[in-house]
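Subject: Structure for you to look over

Hello,

I am passing on the structure we spoke about, with notes on what turned up in it. Please read them with the coordinates open.

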Amino acid sequence: MSRLLLLPAIAFAAMVLPLKGEEKPAAVPPPAPDSANRTQPGDADPFEAIVRIEAAFLQPDYRIPWQGGRPSSGSGTGWLVGKNRFLTNAHVVSNSTKLIIRTMNDPEPFEARILFIAHDCDLAMIEAVDPKPFEHLKPFQIDGIPKLNTEVIAVGYPIGGDRVSVTRGVVSRIDFQSYSHSGIDQHLAIQVDAAINPGNSGGPVLQNGKVVGVAFQGYSGSVAQNVGYMIPVPVINRFLKDVEDGSYDHYMDLAVTDFPVENPAQIKALGLEDNGLGVMVANVDGASCAAGLLEVGDVILSLDGSPVYTNGLIRVDGELVNMNEVVERKFAGDKIKAEILRKGEKKSVELTLKRYLPYLTLGEQYNQRPKYVMYAGMLFQPMNRNLMEAHSIRDPLVNYVFDNYMTKEIFKERPEVVILTTILPDEVNSYLQGYQHSIVDEVNGVKIKTMKDLAEALKKKEGDGKFVVIKLLEKNRPLVLKRELADAAHPVIMQKYDVSEESYLGDE
Amino acid sequence: MNLFRATLTFTSLSLTLLTGGVCLAQAGPGDMPKPGSAAGGAPAAAEEAPVVSAGGPAPIIEAAGKNTALVKVNVTFQPWNYRIPWQKSSPGARRGLGVLLDGNRILVTGQIVADATYIELEQADTGRKIPAKVKAVDYEANLALLEPATAVKDFFEDLTPLKVDADSRVGDKLQTWQLGRVGDLIVTPMEINKVLTSLYNVEGSMFLVYETIGIIRSEANSFTLPIIRDGKLAGLLLRYDSKNQTATILPGPIIQHFLKDNADGQYQGFPSLGVEFQITLDDQFREYLGLKKDQQGVYVSGVTKGGSAEQIGLKEEDIILEMNGFKVDSRGDYKDPKYGTLNMSHIVRGSSYVGDELKVKVLRGGKEQTLTGKLTRKNPKDFLVAPYLFDRGTNFLVMGGLIFQELSIPFLQSFGNDWETSAPLRLVHVAKHTDDYEKEGKRKIVILAAALPTRSTQGYERVGGAIVSEVNGQPINDLADLDKVFKESKESIHTIKLDDFPKLLYLDAVTAELDNQKLLNGAYRLGLLKRIE
């Protein structure tokens, strides 16, 4: 389950290396000519299929959503997974405007483009516009989950070097982890103690020459030492299988919160045998595939025939992992069979998996132009993580709504929570200053559920149509503008503040 | 050399004081005076004391003389812990000055006696001490009356009671009285610049204040400095901003109100209006409301349940035009005959008593009408979520290690100064939106605050901050309900329904009772399994 609940309170640093202000590493002394390990001319280079990816980005500024954004650039690593198919991290190529691939033995830049991008598991597949230069390269083979304490090497272009770098370490832990790219997804991840540094992102982690993972994140600062994470093979394979049909369909989610069954009274009350099996359902989200099928107080005994333990773990491929791993490996429309105990009675429930959409609001968004509506200097935007961060919203109500968007099912009433984020000062709105960072509840008598509602409601004439009346949630007075004054001021404000378009409501 | 050492001593004393003040400030609302700017009325902020000793701008001392009306007040206080409700925090000390009034009564601020465990009065010159007790206290108006704990004949005989002056105005010259090391009177002049309404300490305590300019010395007994005009008590120092050298003074009229209310021994407190209003300066908004050019008034945006305004029939969206005969302008101010422009809240809070008539002229649906009724007061105990708790701990109940308590603002404030964002957001939200719960019939919000590790709570370690809705099928509207359900239940397993994660908990009735006994005397030494007052 991809919930924020278990997010460790530690900042992950995504491993993209910013190119700006890049420092050239100190010159490495030339290798001794008689070294036994010296590469001989004509040897096939085992790392030649590992490439450096340079990306130019345009980061949208959610405070000025009508502008393009701030250009920047960065670099990461990619590797050949099939014919002209390079695998890398989503965060290496997110928001990119231009992609360049360079190989270690060829100074020439090759233009590339994104084929598929999966923000929920931080993977992306890109291809070179001209496949020819890579035709002679051999794609890597993908292995399985490496055993604990076995040696692996991470290969990539960290710290901005032009030449490939290899670091060595062992597999330290296999566990569910938050994927920091979206900030809201959790999947299996493998911790290694090989040095993984900015620029390594997207690079392969190899064991016996085969890929066992994709390096993707580590900790910043002094939180932990010698800890790097790689995306393991089950996640890679799932991505590759998902895109086989030409589109990426994302992870499915049960959106069920579980609660361990360890308490003797609880075991008795729920009618369980004291055999260490079964986890209690503590919440079923109204928009999830389990809505109406599972209830609070149900006990999940098994998923697809595998017993679920009292702490919510399940055995998959011999490893004890979070029961959601069963869901993780499935695709949209797949079914999952759950044995449950409800009020002492055993039942079998079949769930048809679907994507759980409300949680996207809470996650970081990429490759998207921010939506907005501007009217008479008032900027309205839908609530999401990018917006909350860009505007540093402190308003307790907005924060409450953001935090409880899923748990209190606020998405049912407001699929898009519309926020008045900014008021560009002008004579027409000078008394409205101070009402920024409020949630828009009603405009001209119309309940606002989406940005589209807002755009339409602003034009709607209520009563004699003399006023535009904006009711804010729990803000104690309506904002009132005389339509004739507001309509006249609107284009002037747009021009004064250089707002090119009055709204962007998404591509339709 | 000696002098220098004395100053140092004072500095450290002031530090103690300040800590006491900060403690209180936490119990107050979020927008209290800046920390360091003499929270709790102690002018001796830690950082400024050295400046005084280093010979900074010398305080103007008008005259040094003999003390005729002041005693030192030493208070030991010990607030309850809101997160560990069966425990108290460690004791602290506050030192201040008390003003002798007739009838051997000593006037101090409410702050100084909050959560007091021991109060003593000290003769400034001789050092003689007697124990004292609180005769009356109002934490909203921040005033308290002390009296000797036992009858003492000669303690006050060298002192003359002060009379209260309620007639100070802008421009009047005042004096701050302080006592030196051996009881010598230190007098500092100041002048009233402004009269306005301002927040005192606890939530909802908007009252009249004087604002003055003048430097106040840092002395040992800095709490409750008396402010004098022509030999009468014109106020008590509420807070001092050392950076801007402005002092906020709790004024004579409020003191007089407090004393008058107390005179019959039945203290009722200050009436409350219970209205939230919005200014109507915005022309477009005024036109929308149908206000004529010459019509002033404010827009009512909220009416507190159980307040005076609700009882006289005031409604949201009304425009208040007049209150008790005073015209209310677009900012919510009226022309006070004594002080000039002042917030209309003073008409109710400062100049009226509970039971007085309230007359409000409103514009409703374009028509003027007059609403009348009696002024009432909503007591803190009638709030669904207590705005403050002093001299008592929070109500709580422990069952098998699960800690239940009634949600209160002090509980939320225990999460820190930025509690509005750092306390559990759901609970903060509930505390500010009590209407729905009151409609449901709840008297208090009972929360499961945390779980102590016991056999009964095995597996419940992560649980906390959840609102309790039902236990064994019975709705829980306050902690007494919960106590009753647990007492009368014949179930062998209690079923606890929560509004939040994990929604459902089970507790073995027998094991829980056994665990209760262990918690009482064992590792956690609770000493008390519940407090329901």
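The contact between the chains draws 41 residues from chain A and 36 residues from chain B. Bear in mind that this is a predicted model. About 3200 Å² is buried between chain B and chain A, with 61% of that area coming from carbon and sulfur atoms.

On the side of chain B that touches chain A, at least two residues each come from β14 (275–278), α5 (283–289), β15 (298–303), α9 (419–422), α10 (425–432) and β28 (504–508) of chain B. β28(B) gives the most, with 5 residues. By type, that side of chain B splits into 15 nonpolar, 11 charged and 10 polar residues.

Chain B also holds a closed barrel of 6 strands in the order β2-β3-β4-β7-β6-β5, paired antiparallel. From one strand to the next, the twist averages 40°. Within chain B, β5 (residues 116–122) and β6 (residues 129–138) run antiparallel and are joined by 4 bridges; B:Glu120 stands opposite B:Pro131 of β6(B).

Helix α4 (residues 252–262) of chain B lies across β3 (92–101), β4 (105–109), β6 and β7 (143–148) of that chain. The helix runs at about 55° to β7(B).

Regards

Note on methods. Residues numbered from 1 in each chain as written. Chains lettered and ligands numbered in written order. Predicted model: local features only at pLDDT ≥ 70, side-chain atom pairs only at ≥ 80, totals over all residues. Heavy atoms only, no water. Contact = heavy atoms within 4.5 Å. Buried area = accessible area lost by both parts, 1.4 Å probe. Nonpolar A, V, L, I, M, F, W, Y, C, P; charged D, E, K, R; others polar. Pairing = 2+ DSSP bridges. Axes fitted to C-alpha atoms, helices over the stretch in contact; angles between N-to-C directions.
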